[in-house]
Amino acid sequence: MNNLVFLPILIPLLAGAITLALWRSSKWQKRVSVFATLLYLTASATLAWQVSQQGYIVLQVGGWQAPFGISLVADYLASIMVVVTGIVAFTAVLYSLVTTPNTHIKFGYFPLLHILLAGVSGAFLTGDLFNLFVWFEVMLLASFGLLTLGGERAQMEGAIKYVTINLFSSALFLSAIGILYGTVGTLNMADLAVKLQDVEQQGLLNAIALMFMVSFSIKAGAFPFFFWLPASYHTPIIAVSAVFAGLLTKVGVYALYRVFGLIFIGDINFTHQILLWMGVFTMLSGVLGAASQFEIRRILSFHIISQIGYMILALAIFTPLAIAGGVFYLFHHIIVKTNLFLISGMTHLLQNTYQLKSMGGLYRERPFLAALFLIPAMSLAGLPPLSGFFAKYLVIEAGIVSQQWLATGVALFVGLLTLYSMIKIWAEAFWKAKPETLSETVKLPLWGVVPIALMAIMTLIIGFAAEPFILLSQATAEQLLNPQSYINAVLGGQP
Amino acid sequence: MNIAWIIVLPLLGVIAPLLANPTRRNQVAWITAVLPFAALLITLYHAPAILAGEVVQQTWYWIPQIGLTLSFRMDGLALLFTLLILGIGLLIILYARYYLSSKDPMGRFYSYLILFMAAMLGIVNSGNLLQMWAFWELTSISSFLLIGFWSSTGKARKGARMALTITGAGGLALLAGILLIGKVVGSLELEAVLNSGRLLVEHQWYPVILALVLIGAFTKSAQFPFHFWLPHAMSAPTPVSAYLHSATMVKAGIFLLARMFPVLSGHDAWFVTVSLVGLATLLLGAYTALFKHDLKGLLAYSTISHLGLITLLLGMGTELAAVAALFHIVNHAVFKASLFMGVGIIDHETGTRDMRQINGLFKYMPHTAVLCIVAALSMAGVPLLNGFLSKEMFFAETLEQSAIGALSWLIPLLATIAGALSVAYSLRFIHDVFFNGEPKGLKKTPHEPPRYMRIPVEVLVALCILVGIFPALLVGDLLKSAGVAVLGGTLPYIPLYIWHGFNLPLLMSALALAGGIGIYARRKVLFQFQSHFKEVDANERFDAWLYQVITFIRRIEALIDKRSLQYYLAWLSVALLILLAAPLLNLSLVGDNVVITPLTAEVWAGTALIAIAALATVVNNRRRLFAALLISIVGLGVSLAFARFSAPDLALTQISVEVITTILLLLALFFLPQTTPKESKPGRLLRDIGLAGIFGGIMATLTYAMLTRPIETISDYFLANSKTGGGGTNVVNVILVDFRGFDTFGEITVLGIAALGIYKLTAGMRLFLPATNEDGLPWSRDKYPLILKQVSQSILPLALLISAYIFLRGHNLPGGGFIAGLITAIAIVQQYIGHGNDWIQKRFYANYVGFIAAGLSIALLTGLGSWLWQKPFLTSWFDYFTWPVFGKFELASAMLFDLGVYLTVVGAAMLILAKLGQLTVVEPYSEKED
């Protein structure tokens with residue numbers, strides 16, 4: 001029975017309902033949340049294992065055959081993303097146990113987090129374009145709720161920008177769906193992939209494709225649509241920032257991979273060329289933006305953007321090697337970036353600020369935390385043999401093979417600036433002597449450090465034992481670049 | 001023993017010093033030294049075979065997919081470097097034991113040092129270029145940690161940061177170069193690359209590859225114009241400088257040049273670039289060193305100069321020059337490491353490194369003085385010392401080369417000048433520090449250092465002398481095997497002896513010696529001359545440059561990011577329009593074979609109504625209440641359009657949504673000013689009108705293009721299967737609750753969270769009720785008019801009945817849970833309007849959150865129910881029953897699902913509306929104030 005595909009959506013939904021019912025007991029909400037995310041992780045790992053055996057697992061919701069009902073499709077890419085989501089969810093919940101203020105829990109922190117997860121999983125697993133829209137809405141509303149928890153002025157300002165721009169993206173997405181449906185008369189992605197092959201009106205299709213591209217690029221935080229991201233990501237509590245930083249933009253990237261890997265591949269000289277430039281400028285603008293920042297969370301936020309650029313670049317190059325690099329980048333980056341945000345939460349706990357200028361002395365005082373910072377930071381900068389190196393390496397190698405000199409050069413250069421940014425944080429927050437204004441140090445909560453250590457270990461594993469992960473990325477790329485297998489899996493071999 | 005251990009043992013050794021008891025410093029040092037010592041023994045074990053010309057190799061597959069193997073390979077070149085790295089490294093460990101103060105975390109220091117050592121060993125013993133690069137980067141990071149060891153000083157941090165930035169940039173260039181080499185050769189294995197002959201040199205990418213590799217090497221080896229980071233790296237503890245900046249890290253670039261020499265050098269581009277860069281570095285370093293008052297500064301520039309010399313040798317293209325380069329690598333490492341350690345001792349004992357203060361130390365520490373003087377003389381190239389030999393070879397080769405064509409005669413001349421400068425700064429070091437009067441303003445009286453601190457220096461100085469006297473015996477074989485590795489099979493005869501007879505190189509040496517003494521004697525004139533130039537601090541330069549870049553970025557940021565939402569949206573729209581331009585130009589609008597429905601009068605009228613109302617809303621947008629009313633006309637118009645074009649369900653939904661949203665708008669507007677101030681400047685208005693107009697036009701065009709195309713849709717399937725498969729004749733409803741029930745489920749989740757979000761946002765909010773309206777008129781005292789009360793109350797059962805009716809018939813006729821929910825909500829809201837909040841709350845307690853939770857749970861559980869029958873989520877079930885009184889009727893799981901929808905809609909709508917309605921619990925205040 002293929003209902004297994006539905007579990008990563010069902011579990012967080014149920015967890016959301018249960019924690020909502022336990023509105024008054026933060027203790028029980030925490031217990032349920034830990035259990036639910038662990039269950040989610042188990043279910044998604046099982047799903048991934050099954051997918052690795054079968055290639056695809058498809059569930060036709062309601063028993064309606066595709067393309068008439070809604071299909072849930074787990075392929076390599078989707079199941080990798082769901083597993084990584086599980087990892088982020090579990091660590092974020094552990095981290096939240098001690099760091100989330102009770103006032104936030106009282107106003108629905110955990111239910112919102114679970115619903116957000118449901119939305120993210122739904123977006124990864126759905127095989128239907130309109131259904132993807134629905135999950136985007138679920139994510140948007142839940143993330144808006146999380147963003148405004150606490151209700152501070154800066155949060156509201158950030159949240160309003162966030163929600164308005166994302167609604168713009170949604171409206172565009174919906175219009176694009178409408179026009180696409182009006183053009184080819186179907187919403188199932190596999191069916192769309194089939195039907196679009198026969199459409200002669202390339203002009204109309206390209207216009208629709210661009211509407212999707214812009215809509216997803218807004219979500220992904222790509223150039224020139226990323227303004228909302230640095231305006232809002234640093235405002236909520238750190239566990240929320242970490243989950244957003246890790247997962248949300250990547251859903252946009254995932255949607256780009258889906259739609260421009262499966263559906264709109266008829267005119268890649270046009271569409272993927274635009275993606276290439278978008279990737280290049282996204283890398284550059286993100287990393288340059290970070291260079292002028294001196295607030296840890298804002299630096300990290302800008303680096304989300306620049307790293308998204310690499311993933312889009314990989315999609316744009318559109319060779320098996322490049323896509324493999326992009327996939328590797330996706331899961332490596334989710335873990336690393338989430339972790340960096342979590343670490344910034346710990347440093348905030350110690351020094352009560354996110355401003356680099358007023359931080360310092362952490363290297364002497366907290367050598368262990370310093371080491372934990374170095375792992376994801378150096379991985380983000382792409383130093384061997386950490387996970388980020390392999391991600392960058394694959395993309396750059398793909399760029400060289402397909403002779404995209406400019407893009408490859410920019411990718412290397414951005415790597416250097418990323419390293420510089422991480423050094424900036426290291427030199428200011430860790431190396432610099434501790435400012436005298438800082439009072440006595442606090443004890444770090446165990447459950448704040450454990451998730452960080454777990455993720456750091458994962459980064460090390462992905463780096464030092466990179467081979468299976470590279471193989472996995474290559475298999476994923478191969479599957480992604482073979483739309484016919486997807487089509488056959490979903491439509492059951494029928495045209 | 002496997003040669004991999006030579007790298008692995010030190011790598012394991014990184015942990016060793018951390019395990020030792022940090023208070024027992026001897027123990028820490030011993031534990032640290034054990035593993036590198038073992039590695040040295042393994043190296044010596046393999047040495048005979050390698051000296052005999054063997055290449056020891058060990059390969060494992062690591063990540064073959066990207067051409068990455070774990071591959072260790074030791075040939076003569078690698079052996080030479082390995083001996084230097086381990087030998088000097090061990091001496092440094094001993095030295096550092098006495099150098100570090102008890103306040104410094106010794107374990108951490110050793111740990112970084114060993115990490116660095118392992119990385120260096122990795123570079124020189126790698127059999128795979130990519131692996132070599134990985135170790136290359138590791139040296140950058142570990143040296144970063146070492147240079148910044150005293151991180152609480154700003155100088156150390158900046159020096160470390162600059163070193164890493166420069167070498168990191170070079171590293172990335174090198175990576176690109178290596179990848180290109182891999183593409184050309186088809187393998188990243190060193191063996192394959194070295195055996196590729198002239199493949200690389202003749203390839204069209206050769207200039208790019210060469211440039212990238214050279215950037216990597218020059219940045220690492222501090223060659224002009226990348227030399228400036230090295231002097232600032234002197235803020236490292238002196239053992240680090242002695243190790244990194246004499247013997248190892250800066251030699252990594254040289255090593256790379258030597259390693260790639262067989263496959264990259266056979267081209268004019270190589271000779272010209274490498275020799276000129278080397279020459280420039282040689283002169284610049286030697287000249288600048290003369291003016292440094294800081295002892296370590298002098299040594300740093302001297303190092304730059306000697307590295308330039310080696311680079312120049314590698315760029316000259318004669319075979320003997322390459323061997324001379326290898327020889328000088330060894331000699332320089334030996335004398336420079338000992339000098340650095342000597343300077344460290346002096347610094348340690350006097351508390352300063354300023355040569356203007358330190359004078360006449362010979363009296364206080366004669367033993368150390370002798371050691372330093374011998375090493376310095378070797379640096380100056382005085383006979384009987386090792387520095388002399390390689391310098392003689394260098395001079396000899398400058399006469400043989402033709403690297404820069406017709407101008408090649410300049411090289412011996414400039415080399416002699418550089419030699420003279422080198423003699424001059426060495427003399428300055430000797431004379432200023434150890435003689436030249438008495439020390440000035442020292443805080444303590446200098447004396448000899450601890451016995452063991454001197455041992456490493458003694459060992460190295462002994463080597464200087466021994467190699468200087470018995471060169472062939474001590475290093476002959478080593479140089480030969482290394483030379484074979486660099487030059488390939490053919491090796492020229494290496495003239496390794498002290499006396500070559502009276503020849504030109506000897507004359508050049510004599511000239512250099514005399515010139516050096518002359519320069520030093522007349523140094524006042526030179527210092528005077530130099531003082532006219534402003535000294536440039538690379539750190540400040542670097543910072544200033546950074547600052548400029550950041551300011552520039554900020555300026556661009558300020559230009560494009562106005563931090564205003566309106567601006568963002570305008571920007572988004574413009575970007576979208578630009579992107580859409582290309583495909584739109586390609587769009588053909590000719591609809592073939594599509595019959596266009598004729599326009600009738602009522603369609604015209606309806607369209608005009610909607611358009612005019614929409615325009616009127618925009619025009620009147622600052623009168624908020626009026627605009628809200630106008631926009632509801634648009635909504636009503638749309639629902640009429642739905643009804644006209646045979647979509648009764650949509651019409652019903654639209655009209656009830658319209659009512660709810662209008663109430664919502666009014667509730668929200670109540671708390672806001674009645675009018676909006678005029679904010680937009682005319683220019684902006686024009687921009688926005690333009691944008692909106694174009695945008696609307698494009699959407700209309702796209703829609704038209706879409707509508708005038710013939711299509712086959714999946715909707716025929718829905719029409720055909722609605723009754724038989726979904727058990728309902730209302731296809732829209734069956735789509736909502738069955739075919740695409742999953743979407744509906746997602747959407748009611750959205751609705752539920754939206755309601756909770758608004759509830760949460762307004763929780764705890766207290767808003768004051770203004771006493772009067774905008775025009776100063778007080779509110780009516782009769783808040784709840786009797787007629788309204790009565791009517792609302794009597795409407796309630798009726799409305800609920802309609803709602804139930806709509807709900808029940810939904811599956812077969814227009815209606816359904818969503819619409820029914822909205823109708824119920826409207827009926828309840830009517831009671832709030834008629835009676836007020838307090839009245840309702842006394843009579844009717846409703847937990848709207850509970851409604852939402854129940855609704856979502858019912859929908860979810862209905863979906864899950866199908867699992868009991870082993871069916872996919874949300875598989876529907878229906879059947880027909882006959883009961884006596886009711887007659888035949890249908891039961892469907894979809895109705896249960898629809899009930900969930902209904903409850904969620906009621907709960908969500910009411911949660912929002914009731915909450916907004918309750919915001920003004922605080923009594924009007926202004927009457928008292930007035």
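In chain B, the C-alpha centres of domain 1 and domain 2 lie 89 Å apart. Domain 1 covers residues 268-530 and domain 2 covers 729-930, with bounds that come from an automatic or database domain assignment.

Some housekeeping. This is a predicted model, in which local features need pLDDT of at least 70 and side-chain atom pairs count only at pLDDT 80 or more, while totals for chains, interfaces and linings use all residues. Residues are numbered from 1 along each chain as its sequence is written, chains are lettered from A and ligands numbered from 1 in the order in which they are written, and side-chain values use heavy atoms, with hydrogens and water left out.

Now the interface. On the chain A side, 114 residues are in contact with 99 residues of chain B, contact meaning heavy atoms within 4.5 Å. The buried area between the two chains is about 9600 Å², and carbon and sulfur atoms give 76% of it. Buried area here is the accessible area, taken with a 1.4 Å probe, that two parts lose on being put together, summed over both.

How many salt bridges does the rule find across this interface? There are 2, where a salt bridge is a side-chain nitrogen of Lys or Arg within 4 Å of a carboxyl oxygen of Asp or Glu. One is formed by A:Glu397 with B:Lys183, with 3.1 Å between the closest N and O atoms.

Which element of chain A gives the most to the side that touches chain B? Helix α7, residues 153-184, does, with 14 residues. Helices (H or I, at least four residues) and strands (E, at least two) are DSSP runs, numbered from the N terminus. By residue class, that side of chain A has 80 nonpolar, 25 polar and 9 charged residues. Nonpolar covers Ala, Val, Leu, Ile, Met, Phe, Trp, Tyr, Cys and Pro; charged covers Asp, Glu, Lys and Arg; the others, Gly among them, are polar.

Over all chains, the structure holds 25 salt bridges. One of them joins A:Glu365 and A:Lys434, at 2.9 Å from N to O. A:Glu365 is in helix α15 (residues 362-365) and A:Lys434 is in the loop between α18 (405-431) and α19 (446-464), so this pair ties together parts of chain A that are 69 residues apart in sequence.

Next, strands in chain B; two strands pair if DSSP finds at least two bridges between them. Strands β1 (residues 56-63) and β2 (residues 68-74) run antiparallel, joined by 7 bridges. B:Trp60 has B:Leu70 as its bridge partner in β2(B). Their hairpin has 4 residues between the strands, and B:Gly67 in that hairpin takes a positive phi near 75°. Strands β3 (residues 878-883) and β4 (residues 887-892) also pair in the antiparallel sense, over 6 bridges. A hairpin of 3 residues joins β3(B) to β4(B), and B:Trp883 stands opposite B:Gly887.

Last, some backbone details in chain A. Most residues other than glycine have a negative phi, and most peptide bonds are trans. The bond from A:Ala66 to A:Pro67 is cis, with omega near 5°; A:Pro67 lies in the loop between β1 (57-61) and β2 (70-74). A:Pro384 and A:Pro385 are also joined by a cis peptide bond, omega about -5°.
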